[in-house]
Amino acid sequence: MIFSEIEKAPRKEIEKIQLERLKKAVKYAYDNVPFYKKKYDEANVSPDDIKSLEDISKLPFTTKQDLRDNYPYGLMAVDMKDIVRVHASSGTSGKPTVVFYTRADLEMWSECVARIIAAAGGTDKDIVQIAFGYGLFTGALGLHQGWEKIGAAVVPASSGNTERQVMLMKDLKVTALVSTPSYALYISEVMEKMGVKKEDLSLRLGLFGSEASSEAMHKELEKKFGIVSTDNYGLSEIIGPGVSGECIKKCGMHINEDYFYPEIVDTESLAPKKSGFGELVLTALCKEGLPIIRYRTKDITAINYEKCECGRTFARMEKIKGRSDDMLIIRGVNVFPSQIEGVLMGFSEIGGNYEIIVRREGYLDSLEVLVEVNDAQLLINFASLESLQSRIRHSLKTVLQIDAKVKLVEPLSLKRYEGKAKRVTDLRKI
Ligand code: DLL
(Lines give C-alpha, C1' and ligand atoms only; values in the text may rest on other atoms or scores of the structure.)
Protein backbone atom coordinates (compact mmCIF):
# COMPACT_ATOMS: atom_id res chain seq x y z
CA MET A 1 0.00 0.00 0.00
CA ILE A 2 1.48 3.41 0.82
CA PHE A 3 5.13 2.75 0.01
CA SER A 4 5.78 5.84 -2.03
CA GLU A 5 8.52 5.87 -4.66
CA ILE A 6 10.51 8.42 -2.69
CA GLU A 7 10.91 6.01 0.26
CA LYS A 8 13.05 3.72 -1.91
CA ALA A 9 14.69 6.35 -4.13
CA PRO A 10 18.46 6.43 -4.60
CA ARG A 11 20.24 8.66 -2.07
CA LYS A 12 21.18 11.20 -4.74
CA GLU A 13 17.54 11.71 -5.62
CA ILE A 14 16.53 12.09 -1.98
CA GLU A 15 19.30 14.65 -1.48
CA LYS A 16 18.24 16.57 -4.58
CA ILE A 17 14.71 16.93 -3.24
CA GLN A 18 16.02 17.79 0.22
CA LEU A 19 18.23 20.57 -1.13
CA GLU A 20 15.46 22.09 -3.25
CA ARG A 21 13.11 22.03 -0.28
CA LEU A 22 15.71 23.23 2.20
CA LYS A 23 16.45 26.33 0.13
CA LYS A 24 12.74 27.11 -0.05
CA ALA A 25 12.14 26.40 3.64
CA VAL A 26 14.95 28.69 4.80
CA LYS A 27 13.81 31.49 2.53
CA TYR A 28 10.20 30.99 3.61
CA ALA A 29 11.14 31.21 7.30
CA TYR A 30 13.35 34.26 6.70
CA ASP A 31 10.69 36.10 4.70
CA ASN A 32 7.71 35.26 6.92
CA VAL A 33 8.94 35.02 10.50
CA PRO A 34 10.73 38.09 11.95
CA PHE A 35 12.42 35.83 14.53
CA TYR A 36 14.33 33.95 11.79
CA LYS A 37 15.17 37.15 9.89
CA LYS A 38 16.63 38.73 13.01
CA LYS A 39 18.52 35.59 14.00
CA TYR A 40 20.03 35.07 10.54
CA ASP A 41 20.88 38.73 10.07
CA GLU A 42 22.67 38.72 13.41
CA ALA A 43 24.55 35.57 12.46
CA ASN A 44 25.38 37.14 9.13
CA VAL A 45 23.85 34.38 7.05
CA SER A 46 21.20 34.65 4.40
CA PRO A 47 18.98 32.11 2.62
CA ASP A 48 21.21 32.57 -0.46
CA ASP A 49 24.09 31.00 1.45
CA ILE A 50 22.38 27.61 1.24
CA LYS A 51 23.94 26.08 -1.86
CA SER A 52 24.47 22.54 -0.60
CA LEU A 53 22.96 20.42 2.17
CA GLU A 54 26.14 20.86 4.23
CA ASP A 55 25.55 24.60 4.19
CA ILE A 56 22.76 24.03 6.68
CA SER A 57 25.43 24.08 9.38
CA LYS A 58 25.91 27.80 8.72
CA LEU A 59 22.47 28.44 10.19
CA PRO A 60 21.91 28.97 13.91
CA PHE A 61 19.93 26.37 15.85
CA THR A 62 16.35 26.81 17.02
CA THR A 63 15.57 25.69 20.57
CA LYS A 64 12.62 25.05 22.81
CA GLN A 65 13.52 28.29 24.57
CA ASP A 66 12.99 30.17 21.30
CA LEU A 67 9.47 28.75 21.12
CA ARG A 68 8.87 29.70 24.74
CA ASP A 69 10.21 33.22 24.23
CA ASN A 70 7.84 33.68 21.31
CA TYR A 71 4.82 32.08 22.96
CA PRO A 72 2.21 31.68 21.65
CA TYR A 73 2.07 33.16 18.13
CA GLY A 74 5.54 34.63 17.58
CA LEU A 75 6.94 31.98 15.23
CA MET A 76 3.85 31.54 13.09
CA ALA A 77 4.37 32.26 9.39
CA VAL A 78 0.78 32.61 8.17
CA ASP A 79 -2.42 34.43 9.03
CA MET A 80 -4.48 32.84 11.79
CA LYS A 81 -7.27 32.34 9.24
CA ASP A 82 -5.04 29.81 7.44
CA ILE A 83 -4.50 27.79 10.61
CA VAL A 84 -6.85 24.84 10.96
CA ARG A 85 -5.41 23.04 14.00
CA VAL A 86 -3.52 23.87 17.20
CA HIS A 87 -1.63 21.35 19.35
CA ALA A 88 0.81 21.62 22.21
CA SER A 89 3.75 19.64 23.52
CA SER A 90 3.28 17.44 26.52
CA GLY A 91 5.60 19.30 28.89
CA THR A 92 4.26 19.39 32.42
CA SER A 93 5.75 22.58 33.81
CA GLY A 94 5.27 26.16 32.71
CA LYS A 95 3.62 27.23 29.49
CA PRO A 96 3.17 24.55 26.84
CA THR A 97 4.86 24.79 23.45
CA VAL A 98 2.02 25.56 21.09
CA VAL A 99 2.20 24.46 17.46
CA PHE A 100 0.07 25.40 14.44
CA TYR A 101 -0.98 23.58 11.30
CA THR A 102 -2.37 24.80 7.99
CA ARG A 103 -4.50 22.46 5.90
CA ALA A 104 -1.43 21.54 3.82
CA ASP A 105 0.51 20.82 7.04
CA LEU A 106 -2.23 18.43 8.17
CA GLU A 107 -2.15 16.64 4.83
CA MET A 108 1.62 16.28 4.94
CA TRP A 109 1.41 15.08 8.54
CA SER A 110 -1.19 12.42 7.71
CA GLU A 111 0.93 11.19 4.84
CA CYS A 112 3.99 10.92 7.08
CA VAL A 113 2.11 8.98 9.74
CA ALA A 114 0.44 6.75 7.13
CA ARG A 115 3.86 5.84 5.72
CA ILE A 116 5.09 4.88 9.18
CA ILE A 117 2.02 2.75 9.82
CA ALA A 118 2.39 1.04 6.45
CA ALA A 119 6.09 0.42 7.11
CA ALA A 120 5.19 -1.26 10.40
CA GLY A 121 2.71 -3.52 8.60
CA GLY A 122 -0.58 -1.65 9.20
CA THR A 123 -3.21 -2.00 6.47
CA ASP A 124 -6.76 -0.93 5.59
CA LYS A 125 -7.99 -4.22 7.08
CA ASP A 126 -6.85 -3.25 10.57
CA ILE A 127 -9.11 -2.24 13.40
CA VAL A 128 -6.98 0.10 15.45
CA GLN A 129 -7.45 1.27 19.00
CA ILE A 130 -5.85 4.61 19.76
CA ALA A 131 -5.07 4.63 23.47
CA PHE A 132 -3.27 7.98 23.52
CA GLY A 133 -5.03 10.85 25.26
CA TYR A 134 -7.02 12.90 22.75
CA GLY A 135 -6.50 16.62 23.16
CA LEU A 136 -3.64 19.02 22.70
CA PHE A 137 -1.16 16.13 22.61
CA THR A 138 -0.21 15.34 18.99
CA GLY A 139 -0.09 11.58 19.54
CA ALA A 140 -3.77 10.68 19.36
CA LEU A 141 -4.97 12.86 16.49
CA GLY A 142 -1.71 12.36 14.61
CA LEU A 143 -1.97 8.58 14.61
CA HIS A 144 -5.73 8.80 14.11
CA GLN A 145 -5.36 10.75 10.82
CA GLY A 146 -2.60 8.46 9.58
CA TRP A 147 -4.63 5.31 10.19
CA GLU A 148 -7.68 6.85 8.57
CA LYS A 149 -5.59 7.72 5.52
CA ILE A 150 -4.55 4.07 5.30
CA GLY A 151 -8.23 3.17 5.41
CA ALA A 152 -8.22 1.27 8.71
CA ALA A 153 -11.17 1.34 11.13
CA VAL A 154 -10.16 3.68 13.93
CA VAL A 155 -11.41 3.21 17.50
CA PRO A 156 -10.61 6.52 19.26
CA ALA A 157 -10.61 5.04 22.77
CA SER A 158 -8.31 7.75 24.21
CA SER A 159 -6.23 6.84 27.27
CA GLY A 160 -7.45 5.70 30.67
CA ASN A 161 -10.33 3.49 31.79
CA THR A 162 -8.08 0.54 31.21
CA GLU A 163 -10.64 -2.21 31.81
CA ARG A 164 -12.76 -0.67 29.10
CA GLN A 165 -9.72 -0.64 26.79
CA VAL A 166 -9.43 -4.40 27.26
CA MET A 167 -13.15 -4.92 26.73
CA LEU A 168 -13.10 -2.87 23.52
CA MET A 169 -10.04 -4.69 22.22
CA LYS A 170 -11.71 -8.03 22.84
CA ASP A 171 -15.24 -7.24 21.68
CA LEU A 172 -14.33 -5.19 18.61
CA LYS A 173 -11.62 -7.67 17.61
CA VAL A 174 -9.07 -4.90 17.52
CA THR A 175 -5.98 -5.88 15.49
CA ALA A 176 -3.65 -2.96 16.23
CA LEU A 177 -2.95 -0.99 19.40
CA VAL A 178 -1.49 2.52 19.54
CA SER A 179 -0.19 3.89 22.86
CA THR A 180 2.94 4.58 24.83
CA PRO A 181 4.91 1.38 25.52
CA SER A 182 4.45 1.85 29.25
CA TYR A 183 0.68 2.18 28.94
CA ALA A 184 0.56 -0.91 26.73
CA LEU A 185 2.37 -2.82 29.45
CA TYR A 186 -0.16 -1.59 31.99
CA ILE A 187 -3.04 -2.66 29.70
CA SER A 188 -1.50 -6.15 29.60
CA GLU A 189 -1.45 -6.27 33.41
CA VAL A 190 -5.09 -5.24 33.66
CA MET A 191 -5.89 -7.83 31.01
CA GLU A 192 -4.30 -10.52 33.15
CA LYS A 193 -6.22 -9.35 36.20
CA MET A 194 -9.46 -9.51 34.23
CA GLY A 195 -8.65 -13.06 33.16
CA VAL A 196 -8.45 -12.08 29.48
CA LYS A 197 -5.78 -14.02 27.61
CA LYS A 198 -3.91 -12.86 24.53
CA GLU A 199 -5.64 -15.70 22.65
CA ASP A 200 -8.99 -14.02 23.43
CA LEU A 201 -7.86 -10.96 21.45
CA SER A 202 -7.27 -10.46 17.72
CA LEU A 203 -4.31 -8.14 18.27
CA ARG A 204 -1.40 -8.58 15.84
CA LEU A 205 0.40 -5.25 15.81
CA GLY A 206 1.50 -2.58 18.28
CA LEU A 207 2.58 0.92 17.27
CA PHE A 208 4.18 2.33 20.35
CA GLY A 209 5.94 5.65 20.71
CA SER A 210 6.21 9.00 22.40
CA GLU A 211 8.67 7.81 25.06
CA ALA A 212 11.93 5.89 25.16
CA SER A 213 11.61 2.12 25.29
CA SER A 214 14.22 -0.62 25.22
CA GLU A 215 14.34 -3.52 22.79
CA ALA A 216 13.66 -5.76 25.79
CA MET A 217 10.47 -3.82 26.60
CA HIS A 218 9.19 -4.45 23.06
CA LYS A 219 10.04 -8.16 23.38
CA GLU A 220 8.00 -8.24 26.57
CA LEU A 221 5.06 -6.55 24.84
CA GLU A 222 5.32 -9.03 21.96
CA LYS A 223 5.16 -11.90 24.43
CA LYS A 224 2.31 -10.47 26.49
CA PHE A 225 0.06 -9.62 23.54
CA GLY A 226 1.32 -12.02 20.85
CA ILE A 227 2.02 -9.09 18.52
CA VAL A 228 4.74 -7.41 16.50
CA SER A 229 5.69 -4.42 18.64
CA THR A 230 7.15 -1.43 16.80
CA ASP A 231 8.58 1.90 17.89
CA ASN A 232 7.85 5.27 16.29
CA TYR A 233 9.18 8.73 17.02
CA GLY A 234 8.24 12.35 16.64
CA LEU A 235 7.88 15.65 18.43
CA SER A 236 5.30 18.40 18.39
CA GLU A 237 7.68 21.16 17.38
CA ILE A 238 8.54 19.30 14.17
CA ILE A 239 5.07 17.87 13.43
CA GLY A 240 4.10 15.31 16.10
CA PRO A 241 4.32 11.55 15.45
CA GLY A 242 5.32 10.68 11.88
CA VAL A 243 8.92 11.85 11.92
CA SER A 244 10.22 8.28 11.92
CA GLY A 245 9.15 4.73 12.65
CA GLU A 246 10.29 1.13 12.50
CA CYS A 247 9.45 -1.05 9.51
CA ILE A 248 8.75 -4.75 9.97
CA LYS A 249 12.50 -5.50 9.89
CA LYS A 250 12.83 -3.49 13.11
CA CYS A 251 16.36 -2.28 12.56
CA GLY A 252 16.01 1.43 13.12
CA MET A 253 13.28 4.01 12.58
CA HIS A 254 12.96 5.23 8.99
CA ILE A 255 12.94 9.02 8.88
CA ASN A 256 10.56 10.71 6.44
CA GLU A 257 13.56 12.39 4.93
CA ASP A 258 11.76 14.22 2.15
CA TYR A 259 9.92 16.22 4.84
CA PHE A 260 12.41 16.26 7.71
CA TYR A 261 16.13 16.79 7.26
CA PRO A 262 18.08 15.12 10.08
CA GLU A 263 21.51 16.01 11.42
CA ILE A 264 23.48 14.56 14.31
CA VAL A 265 25.57 17.02 16.30
CA ASP A 266 28.05 16.52 19.09
CA THR A 267 26.29 17.00 22.41
CA GLU A 268 29.05 19.24 23.75
CA SER A 269 30.46 21.19 20.80
CA LEU A 270 27.26 21.02 18.70
CA ALA A 271 29.46 20.39 15.65
CA PRO A 272 27.88 18.18 12.94
CA LYS A 273 28.88 14.51 13.19
CA LYS A 274 29.16 12.20 10.20
CA SER A 275 28.61 9.06 12.25
CA GLY A 276 27.98 7.83 15.78
CA PHE A 277 25.63 8.98 18.50
CA GLY A 278 24.82 12.59 19.21
CA GLU A 279 21.91 15.00 19.47
CA LEU A 280 19.35 14.86 16.71
CA VAL A 281 18.70 18.18 14.99
CA LEU A 282 15.72 18.35 12.64
CA THR A 283 14.60 20.76 9.96
CA ALA A 284 11.04 20.63 8.66
CA LEU A 285 11.34 20.99 4.89
CA CYS A 286 7.73 21.68 3.93
CA LYS A 287 5.94 23.29 6.85
CA GLU A 288 3.70 26.32 6.38
CA GLY A 289 2.15 27.21 9.73
CA LEU A 290 5.18 26.96 11.97
CA PRO A 291 8.39 26.69 9.96
CA ILE A 292 11.19 25.18 12.00
CA ILE A 293 14.83 25.15 10.98
CA ARG A 294 17.61 23.24 12.78
CA TYR A 295 15.59 22.38 15.85
CA ARG A 296 17.63 20.89 18.69
CA THR A 297 15.56 17.91 19.80
CA LYS A 298 17.83 17.00 22.76
CA ASP A 299 17.19 13.36 21.78
CA ILE A 300 20.27 11.18 21.53
CA THR A 301 20.51 8.84 18.55
CA ALA A 302 22.63 7.85 15.53
CA ILE A 303 21.68 7.66 11.85
CA ASN A 304 22.30 4.81 9.44
CA TYR A 305 22.12 5.66 5.71
CA GLU A 306 22.44 2.10 4.39
CA LYS A 307 19.55 0.68 2.43
CA CYS A 308 17.24 -1.40 4.63
CA GLU A 309 16.29 -5.01 3.95
CA CYS A 310 12.69 -3.82 3.56
CA GLY A 311 13.68 -1.95 0.40
CA ARG A 312 13.51 1.53 1.86
CA THR A 313 16.44 3.85 1.34
CA PHE A 314 15.18 6.41 3.85
CA ALA A 315 17.76 6.76 6.62
CA ARG A 316 17.13 4.93 9.87
CA MET A 317 17.66 6.40 13.31
CA GLU A 318 18.57 4.20 16.26
CA LYS A 319 16.13 3.91 19.12
CA ILE A 320 16.43 7.01 21.27
CA LYS A 321 19.06 6.39 23.90
CA GLY A 322 17.66 9.17 26.05
CA ARG A 323 17.40 12.91 26.11
CA SER A 324 20.51 14.91 26.78
CA ASP A 325 18.57 16.61 29.58
CA ASP A 326 17.44 13.21 31.01
CA MET A 327 20.94 11.87 31.18
CA LEU A 328 21.92 11.39 34.78
CA ILE A 329 25.45 12.06 35.83
CA ILE A 330 26.07 9.89 38.85
CA ARG A 331 29.48 10.25 40.40
CA GLY A 332 30.79 11.42 37.04
CA VAL A 333 29.31 8.51 35.11
CA ASN A 334 26.69 9.14 32.43
CA VAL A 335 23.60 7.01 32.94
CA PHE A 336 20.53 6.87 30.70
CA PRO A 337 17.31 5.47 32.19
CA SER A 338 17.00 3.31 29.04
CA GLN A 339 20.19 1.42 30.01
CA ILE A 340 18.64 0.58 33.37
CA GLU A 341 15.43 -0.55 31.68
CA GLY A 342 17.44 -2.79 29.34
CA VAL A 343 19.02 -4.55 32.33
CA LEU A 344 15.79 -4.93 34.30
CA MET A 345 13.86 -6.39 31.40
CA GLY A 346 16.40 -9.21 31.23
CA PHE A 347 15.07 -10.70 34.49
CA SER A 348 11.96 -12.83 34.20
CA GLU A 349 11.17 -12.52 37.94
CA ILE A 350 10.48 -8.79 37.69
CA GLY A 351 8.01 -6.70 35.68
CA GLY A 352 8.53 -3.74 33.36
CA ASN A 353 7.60 -1.11 35.92
CA TYR A 354 10.43 0.61 37.68
CA GLU A 355 11.43 3.89 39.28
CA ILE A 356 14.83 5.43 39.53
CA ILE A 357 15.64 7.64 42.51
CA VAL A 358 18.76 9.74 42.64
CA ARG A 359 19.90 11.21 45.93
CA ARG A 360 22.85 13.14 47.19
CA GLU A 361 24.18 11.95 50.50
CA GLY A 362 26.90 14.30 51.67
CA TYR A 363 28.91 14.81 48.51
CA LEU A 364 28.08 11.45 47.07
CA ASP A 365 25.34 10.70 44.57
CA SER A 366 23.44 7.48 44.99
CA LEU A 367 21.17 5.62 42.65
CA GLU A 368 18.28 3.49 43.78
CA VAL A 369 16.16 1.38 41.48
CA LEU A 370 12.72 0.28 42.62
CA VAL A 371 11.23 -2.55 40.65
CA GLU A 372 8.21 -4.78 41.11
CA VAL A 373 8.50 -8.53 41.44
CA ASN A 374 6.01 -10.54 39.39
CA ASP A 375 5.17 -12.87 42.25
CA ALA A 376 4.61 -11.40 45.74
CA GLN A 377 5.69 -14.74 47.28
CA LEU A 378 9.26 -13.86 46.41
CA LEU A 379 9.21 -10.99 48.88
CA ILE A 380 8.67 -13.30 51.84
CA ASN A 381 11.41 -15.69 50.86
CA PHE A 382 14.43 -13.83 52.16
CA ALA A 383 17.07 -16.01 50.51
CA SER A 384 15.65 -15.79 47.00
CA LEU A 385 14.90 -12.09 47.44
CA GLU A 386 18.51 -11.42 48.41
CA SER A 387 19.80 -13.51 45.57
CA LEU A 388 17.64 -11.77 42.96
CA GLN A 389 18.52 -8.33 44.30
CA SER A 390 22.19 -9.02 44.14
CA ARG A 391 21.97 -10.49 40.63
CA ILE A 392 20.19 -7.36 39.38
CA ARG A 393 22.69 -5.17 41.18
CA HIS A 394 25.56 -7.05 39.60
CA SER A 395 24.10 -6.70 36.09
CA LEU A 396 23.46 -3.01 36.60
CA LYS A 397 27.04 -2.56 37.73
CA THR A 398 28.34 -4.36 34.64
CA VAL A 399 26.34 -2.13 32.32
CA LEU A 400 26.45 1.20 34.16
CA GLN A 401 29.86 0.89 35.82
CA ILE A 402 28.40 2.18 39.06
CA ASP A 403 26.78 0.60 42.05
CA ALA A 404 23.03 0.98 42.36
CA LYS A 405 20.81 -0.03 45.23
CA VAL A 406 18.01 -2.34 44.13
CA LYS A 407 14.72 -2.49 46.00
CA LEU A 408 12.19 -5.12 45.01
CA VAL A 409 8.63 -4.12 45.73
CA GLU A 410 5.14 -5.69 45.60
CA PRO A 411 3.50 -6.34 42.24
CA LEU A 412 1.38 -3.39 41.07
CA SER A 413 2.66 -1.10 43.85
CA LEU A 414 4.42 1.49 41.67
CA LYS A 415 2.56 4.27 39.92
CA ARG A 416 1.11 3.51 36.47
CA TYR A 417 0.90 6.03 33.64
CA GLU A 418 -1.67 6.32 30.89
CA GLY A 419 0.64 8.49 28.79
CA LYS A 420 4.36 8.98 29.04
CA ALA A 421 5.82 7.29 32.12
CA LYS A 422 7.91 9.29 34.56
CA ARG A 423 10.74 7.00 35.60
CA VAL A 424 13.24 9.26 37.30
CA THR A 425 13.01 11.24 40.51
CA ASP A 426 16.12 13.29 40.98
CA LEU A 427 16.11 14.48 44.56
CA ARG A 428 19.45 16.25 44.13
CA LYS A 429 17.79 19.24 42.50
CA ILE A 430 15.32 19.84 45.28
O1 DLL B 1 5.48 12.54 21.84
C2 DLL B 1 4.95 12.86 19.51
C3 DLL B 1 4.62 11.41 19.37
C4 DLL B 1 3.36 10.98 19.69
C5 DLL B 1 5.56 10.51 18.87
C6 DLL B 1 3.05 9.64 19.52
C7 DLL B 1 5.25 9.18 18.71
C8 DLL B 1 3.97 8.73 19.04
P9 DLL B 1 5.93 15.46 22.27
O10 DLL B 1 4.88 15.30 23.27
O11 DLL B 1 6.24 16.83 21.78
O12 DLL B 1 5.58 14.65 20.98
O13 DLL B 1 7.24 14.81 22.85
C14 DLL B 1 8.39 14.72 22.06
O15 DLL B 1 9.04 12.69 23.20
O16 DLL B 1 11.54 14.83 21.85
C17 DLL B 1 11.32 12.53 22.64
O18 DLL B 1 12.08 12.94 23.74
C19 DLL B 1 10.11 11.75 23.12
N20 DLL B 1 9.76 10.68 22.16
C21 DLL B 1 8.80 10.68 21.24
N22 DLL B 1 8.80 9.49 20.59
C23 DLL B 1 9.80 8.74 21.11
C24 DLL B 1 10.30 7.43 20.89
C25 DLL B 1 5.35 13.30 20.90
N26 DLL B 1 9.78 6.60 19.99
C27 DLL B 1 9.48 13.99 22.79
N28 DLL B 1 11.37 7.03 21.62
C29 DLL B 1 10.69 13.72 21.92
C30 DLL B 1 11.92 7.84 22.55
C31 DLL B 1 10.43 9.52 22.11
N32 DLL B 1 11.47 9.07 22.83
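In the predicted model, helix α2 spans residues 34–42 and holds both Y36 and Y40, which are four residues apart, or about one turn of the helix. An α-helix has 3.6 residues a turn, so residues three or four places apart point the same way. Y36 is buried, because its relative accessibility is 0% and the cut-off for burial is under 20%. Y40, with a relative accessible area of 1%, is likewise buried. Together with F35, Y36 and Y40 form one aromatic cluster.

A second aromatic pair is formed by Y101 and W109, whose rings are stacked, with 4.7 Å centre to centre and 15° between the planes. Y101 has a relative accessibility of 1% and counts as buried; W109 is also buried, at 0%. A pair of aromatic rings is described by the distance of the centres and the angle of the planes. The count of aromatic pairs in the model comes to seven. For Y36 and Y40, the ring centres are 5.8 Å apart and the planes stand at 65°, so this pair is edge-to-face, the cut-off for that class being over 60 degrees.

The charged end of K321 sits over the ring of F277, at 4.6 Å from the ring centre. In the other case, R423 lies over the face of Y354, and the distance to the ring centre is 4.4 Å.

Helix α2 packs against helix α1 (residues 11–32) at an angle of about 105°, and the two axes are 5 Å apart. This angle makes α1 roughly perpendicular to α2, since values of 65 to 115 degrees fall in that class. On the α1 side the contact is made by V26, A29, Y30 and N32, and on the α2 side by P34, Y36, K37, Y40 and D41. Y36 and Y40, the two tyrosines of the edge-to-face pair, are thus among the α2 residues in contact with α1.

Helices α6 (residues 162–171) and α7 (residues 181–193) pack at an angle of about 80°, with axes 9 Å apart. These two helices are therefore roughly perpendicular to each other. From α6, the residues T162, E163, Q165, V166 and M169 take part in the contact, and they meet Y183, Y186, I187, V190 and M191 of α7.

An open sheet of nine strands runs in the order β4-β3-β5-β6-β7-β8-β9-β14-β13, and its pairing is mixed. Strands β4 (153–155) and β13 (303–304) stand at the edges; each has a single partner strand, so one side of each is left without a neighbour in the sheet. Within the sheet, β8 (residues 240–246) and β9 (residues 253–255) pair in the antiparallel sense over three bridges.

The buried residues are P337, S338, I340, E341, V343 and L344. The elements that cover them include two helices, α8 (215–225) and α10 (382–400). Strands β17 (333–335), β18 (350–361), β19 (364–373) and β21 (424–426) are also among the covering elements.

Several backbone features remain to be described. A cis peptide bond joins Y71 and P72, with omega at about -10°. P72 is found in the loop between α3 (64–69) and β1 (83–88). R294, although not a glycine, has a positive phi of about 50°. R294 is placed in the loop between β11 (278–284) and β12 (295–301), and its relative accessible area of 2% means that the residue is buried. K298 is another residue other than glycine with a positive phi, here near 75°. K298 lies in strand β12 and, at 29% relative accessibility, counts as partly exposed.

Conventions: Residues numbered from 1 in each chain as written. Predicted model: local features only at pLDDT ≥ 70, side-chain atom pairs only at ≥ 80, totals over all residues. Heavy atoms only, no water. Buried < 20%, exposed > 50% of the residue type's maximum accessible area, 1.4 Å probe, protein only. Phe/Tyr/Trp six-rings, centres within 6.5 Å; stacked < 30°, edge-to-face > 60°. Lys NZ or Arg CZ within 6 Å of the ring centre and 35° of its normal. Pairing = 2+ DSSP bridges. Axes fitted to C-alpha atoms, helices over the stretch in contact; angles between N-to-C directions. Parallel < 35°, antiparallel > 145°, perpendicular 65-115°, else oblique. Contact = heavy atoms within 4.5 Å.
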